[in-house]
Amino acid sequence: MSFEIALSGINAINTSLDTISNNIANSGTYGYKSSRANFSSMYAGSHPTGAQIGSVTQSISIGGGVQTTGRGLDASIQGRGFFVTKDATGAEQYTRVGIFSTNKDGYLVDSKGRKVQGYNAVLDASGVPVAGAGLGALGDLKVPSGQVAAQASTKLSYVGNLSADWTAPSVTPFSATDPLSYNSSLVSVVYDSLGTKHTVTQYFVKQPAPATNQIQVNYTFDGATVGSPATLTFNTSGQLATPTAPVTLALGTPAGAQALSINVDYTGTTQFAGETTNTVNATNGYASGALVGVSLAEDGSVVAQYSNGQKQKMGTVTLATFPDESGLVPQSDTSWSASNTSGSALYGTPGSGMAGALTVGSIEQSNVDMTSELVSLMSSQRNYQANTKVISTENEMMQNLIQAV
């Protein structure tokens with residue numbers, strides 16, 4: 001019986017050594033979670049028959065260190081959750097390794113080529129994300145390749161201080177070619193429906209007494225006068241009193257493009273003594289642009305970057321959490337699959353519910369504690385030697401018994 005008990009101990013220790021050696025081998029593997037072999041006793045009725053490995057537990061809840069990479073499509077999860085991927089067969093695999101890229105078809109994939117799952121953006125007919133539409137359908141995340149269409153300007157925002165020290169120009173009437181007929185000017189860039197760049201120039205003219213709190217604004221489009229002058233009226237506190245709504249300015253129809261009209265918003269403009277300053281001078285249009293890169297945001301957004309400087313949110317990476325993470329079945333490539341023990345996946349966005357937040361530009365490292373593993377290795381070695389000593393002693397006793405007989 002002693003032979004069998006000692007042999008069972010050796011077999012159990014060999015299984016434990018496999019677990020320890022696998023942990024040590026994967027100490028540099030991104031997203032790896034260490035395992036531990038748990039010993040249990042064996043009995044036949046009330047008689048001991050040795051030891052065995054009763055279970056192997058995973059330390060999934062223990063996070064690994066974070067390595068900063070600075071790469072826009074690298075991300076680590078701070079807290080619970082797994083990135084969700086689908087392999088070529090359509091089976092879901094869950095991983096903590098956030099090393100992503102886009103393949104030739106525009107799909108977001110992990111380092112093993114599996115398609116990353118998430119909520120795609122809701123797009124309009126031209127492929128532009130619909131603002132305020134919320135999360136789209138859950139599925140393979142895809143970033144459309146090619147160009148983003150041009151968008152005509154519809155708004156021009158101006159905020160500044162038009163100096164109260166101005167005096168009415170000595171030359172009248174206003175002429176865009178005569179600097180003595182206006183106090184200041186400002187050039188803004190706008191785009192038509194084809195993405196062609198144009199200039200809108202505003203000319204500010206201080207009005208003579210008794211309308212000293214009024215400034216007339218004249219407009220030109222590519223050097224030609226357009227629209228009717230607008231009048232900005234300020235109260236005695238230097239704040240803009242009128243207009244209270246944006247000024248609609250029809251700019252005409254550029255060659256080959258649609259008619260262009262913008263709303264000029266002066267909200268926040270003041271009339272204080274001192275220097276004339278411009279703090280906001282922005283329009284919302286842009287020319288067409290080609291896709292130049294894709295990056296992740298802290299909230300899991302997949303952001304497409306274009307050559308015209310525009311950024312568009314094309315989707316949101318989803319994270320999966322489980323009722324019992326320890327019940328997940330480990331697979332190769334530092335992945336897990338769901339089981340009856342783990343329960344079904346619960347999907348959400350980073351930072352929502354039980355899902356952890358993302359740290360972009362970093363990768364989660366292995367959570368293997370090398371010191372603990374080496375101590376366990378030495379302990380296993382001593383246990384192995386003790387069990388072999390039992391077998392050796394039992395063998396000597398049997399030999400002595402045979403010789404005595």
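Contact here means heavy atoms within 4.5 Å, and helices (H or I, at least four residues) and strands (E, at least two) are DSSP runs numbered from the N terminus. The structure is a predicted model, in which local features need pLDDT of at least 70, side-chain atom pairs count only at pLDDT 80 or more, and totals for chains, interfaces and linings use all residues. Residues are numbered from 1 along each chain as its sequence is written, and side-chain values use heavy atoms, with hydrogens and water left out.

Helix H1 (residues 2-25) has 24 residues. From first C-alpha to last, H1 reaches 34 Å, close to the 34 Å expected at 1.5 Å a residue, where the expected span is 1.5 Å times one less than the number of residues. The buried residues of H1 (buried: under 20% relative accessible area, 1.4 Å probe, protein chains only) include Ala6, Ile10, Ile13 and Ile20. These buried residues pack against strand S1 (35-44), strand S2 (47-58) and helix H2 (370-404).

A nonpolar core is a set of buried Ala, Val, Leu, Ile, Met, Phe, Trp, Tyr and Cys residues joined through side-chain atoms within 4.5 Å. The largest such core has 23 residues, and Leu162, Phe204 and Tyr219 are among those that touch the most other members. Strand S15 (214-221) is one of the elements that give two or more residues to this core; its share, four residues, is the largest. Apart from this core lies another, of 21 residues, among them Val116 and Leu319.

Ser342 lies in the loop between strand S27 (335-337) and strand S28 (346-348). Ser342 counts as buried because its relative accessibility is 1%.

How values were computed
Buried means under 20% relative accessible area, exposed over 50%, partly exposed in between (1.4 Å probe, protein chains only).
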